[in-house]
Amino acid sequence: MTQSPRDILHSIFGYESFRGPQEAIVDTIIAGGDALVLMPTGGGKSLCYQVPALARSGTAIVVSPLIALMQDQVASLVQSGVRAAYLSSTLDWQQAQAIESQLLDGRLDLLYIAPERLVTARMLDMLSRIHIALFAIDEAHCVSHWGHDFRSDYLGLSLLKEQFPQIPRIALTATADPRTRADIIERLGLQNAEIFISSFDRPNIFYRIAQKQKSLDQLEAFIRREHPGDAGIVYCLSRNKVEKTAEALNQRGIRALPYHAGLPGNVREENQTRFLREEGIIMVATVAFGMGIDKPNVRFVAHLDLPKSIESYYQETGRAGRDGLAANAWMVYGIADVIKLKSMLDQSEAGDEHRREEKRKVDAMLALCETVQCRRQLLLAHFGEHLAEPCGHCDNCIEPSPTWEATEPARMALSAVYRTGSRYGVEYLVDVLRGERTERLLANGHESLSVFGRGAELPEKEWRSIFRQLLARGFLQTDPEGFGALRLDDSCRPLLRGDATLMLRREQAKTVTPRKSGGKPALDIASEDRVLWEALRSKRRQLAQEQGVPPYVIFHDSTLMEILSARPRSLVELGRVAGVGDKKLERYGEAFLDVVIEYA
Ligand code: ADP
Ligand code: ZN
């Protein structure tokens with residue numbers, strides 16, 4: 001007899017109840033319908049097809065774009081006693097052969113496979129000969145040109161509807177925007193699918209965006225204060241900066257590895273594997289790293305450079321805290337970043353329409369950086385969600401930035417740009433305003449301008465902040481020809497004429513730290529629990545190493561945390577902890593119970 005979805009959830013996965021729309025999704029697929037699932041990272045997409053895969057007879061075919069992702073998912077399922085396997089180019093002929101014969105004999109519950117392999121004639125022939133439970137298409141946004149991860153292989157998946165019209169299909173993605181959604185429906189033929197859209201809020205992530213001063217020092221202080229021994233990702237824009245940053249962190253005694261597309265394949269792979277398998281490693285990376293990285297206990301994502309859009313920012317920061325425990329999204333940025341990003345757009349070869357679109361995205365990102373309102377409200381609004389109250393869990397909520405009436409200084413700054421002929425960058429303009437008699441300035445005769453020295457009472461830092469905010473709001477533009485030279489935008493006219501006023505955010509050294517962790521490590525373990533916590537972790541590490549799998553495949557941090565607070569005294573008690581299914585209880589129950597009894 002087949003098990004009910006709830007039984008499967010309890011006995012295989014060890015969870016008490018379904019989360020959010022999971023149950024409705026599972027029911028839809030089990031009943032034979034199609035579904036499109038839009039759920040944020042960490043929302044629990046996997047169970048939406050894994051439970052039906054076990055509830056329906058036959059094998060579930062899961063399309064996944066990344067080998068690392070498939071490997072992890074399969075390893076986790078096998079740990080829970082599920083008959084799962086993957087087919088990928090990393091297997092040799094014999095291994096692949098063995099899995100294919102399991103498939104043909106009906107001995108697999110789930111088969112993970114890359115899209116290009118699925119659509120081969122050979123594979124389709126095999127699928128036509130077996131009993132298929134469902135098709136799951138993970139990372140379904142890869143089918144869209146609008147997305148950032150377009151894969152032409154995904155286009156071939158349209159044939160699933162034609163060739164297997166009776167088999168339910170479920171497409172899943174964390175990319176929410178309406179255009180990508182429409183693309184997925186059209187290209188995968190999901191017109192009749194039921195659509196499930198979850199809130200995209202990630203309540204466990206604390207958002208923070210601060211002014212860049214000495215970014216490495218800031219990063220080091222942040223890691224030492226809030227994340228000693230934690231795994232995290234540091235994103236940089238260029239390969240060169242990735243390597244320099246990783247090296248600098250190591251020199252400062254913080255274990256970090258580099259990852260970017262320019263490194264040899266084997267180095268990339270090794271670094272990725274170490275990040276996944278070892279604990280407490282920091283990955284310094286370009287955006288080439290991260291898609292589908294399934295590590296649930298990334299405790300922070302730090303940005304040393306501005307992402308190009310809110311979509312990228314949200315996706316990258318979303319890799320923190322997939323396990324639902326406290327996590328940090330931390331970023332520093334400064335005026336040089338704004339200028340760099342804007343100049344890159346000026347010089348891009350793309351057509352006009354495309355460039356306008358890119359520019360709109362950058363402006364939205366800058367608005368997020370400069371806002372004095374709740375970051376989460378603005379982020380969610382960007383994705384069409386309304387959050388009624390400020391979240392209380394972001395830097396602006398915890399420590400509001402004062403604003404000030406900056407109309408007069410802003411006009412002075414604009415006037416300095418205009419009077420010097422729109423040919424100079426911020427440094428020079430600040431010198432003019434502050435009345436610095438530099439050689440270059442004197443040679444240009446700019447000491448005779450009426451704005452010269454008119455802003456001497458404001459410190460340099462404040463002037464840079466004014467320029468940055470004028471740029472962010474579009475009153476100033478970078479000059480496509482001149483290196484960092486600024487020029488006026490038409491939109492500044494009302495301000496110059498005196499028809500508009502301007503409030504700006506006041507720079508201040510922020511001390512802000514998340515309330516929940518109060519500046520302590522993100523996973524707040526009481527000092528009397530430390531010994532047991534470390535003992536549990538070390539037992540998990542040992543078991544993982546013996547089998548060559550990442551530690552979180554044995555138990556997630558959230559499960560260890562629960563063991564820590566529940567202090568189970570018997571296998572029955574341990575079995576009630578979330579994440580401890582029957583199989584894992586059987587395999588690891590004694591080992592962890594011994595640790596609890598010895599150390600508690
Ligand atoms: P996604 O693929 O949407 O990013 P995952 O499927 O990896 O998310 O799930 C994220 C985390 O939430 C995992 O640690 C998973 O075990 C946990 N999880 C998912 N569903 C439940 C549930 N119903 N109860 C408890 N934990 C869950
Ligand atoms: Zn907030």
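Predicted model: local features only at pLDDT ≥ 70, side-chain atom pairs only at ≥ 80, totals over all residues.
Residues are numbered from 1 along each chain as written, and ligands are numbered from 1 in the order written. Local features need pLDDT of at least 70, side-chain atom pairs count only at pLDDT 80 or more, totals for linings use all residues, and side-chain values use heavy atoms, without hydrogens and water.

**Exercise 1.** Find the residues that surround ligand 1.

*Solution.* 
- Take residues with a heavy atom within 4 Å of the ligand.
- This gives 15 residues, the closest being Tyr15, Gly42, Ser46, Arg322 and His556.
- Sort the shell by class: four are nonpolar, eight polar and three charged. Here Tyr counts as nonpolar, Arg as charged and Gly as polar.

**Exercise 2.** Find polar contacts of ligand 1 with Tyr15, Gly43 and His556.

*Solution.* 
- Look for pairs of N or O atoms within 3.5 Å.
- A ligand oxygen is 2.4 Å from a side-chain N or O atom of Tyr15.
- For the side chain of His556, the distance from a ligand oxygen to an N or O atom is 2.8 Å.
- At Gly43, a polar backbone atom is 3.4 Å from a ligand oxygen.

**Exercise 3.** Describe the lining of the second largest pocket.

*Solution.* 
- Ligand 1 sits in this pocket, with more than half of its atoms within 2 Å of the grid points.
- A pocket is an open set of points on a 1 Å grid, where a 1.4 Å probe fits, with protein on both sides within 12 Å along at least five of seven lines; lining residues have an atom within 4 Å of a point.
- By class, 17 lining residues are nonpolar, 20 polar and 11 charged.

Terms used
Polar contact = N/O pair within 3.5 Å; in protein donor to acceptor, adjacent residues only side chain to side chain.
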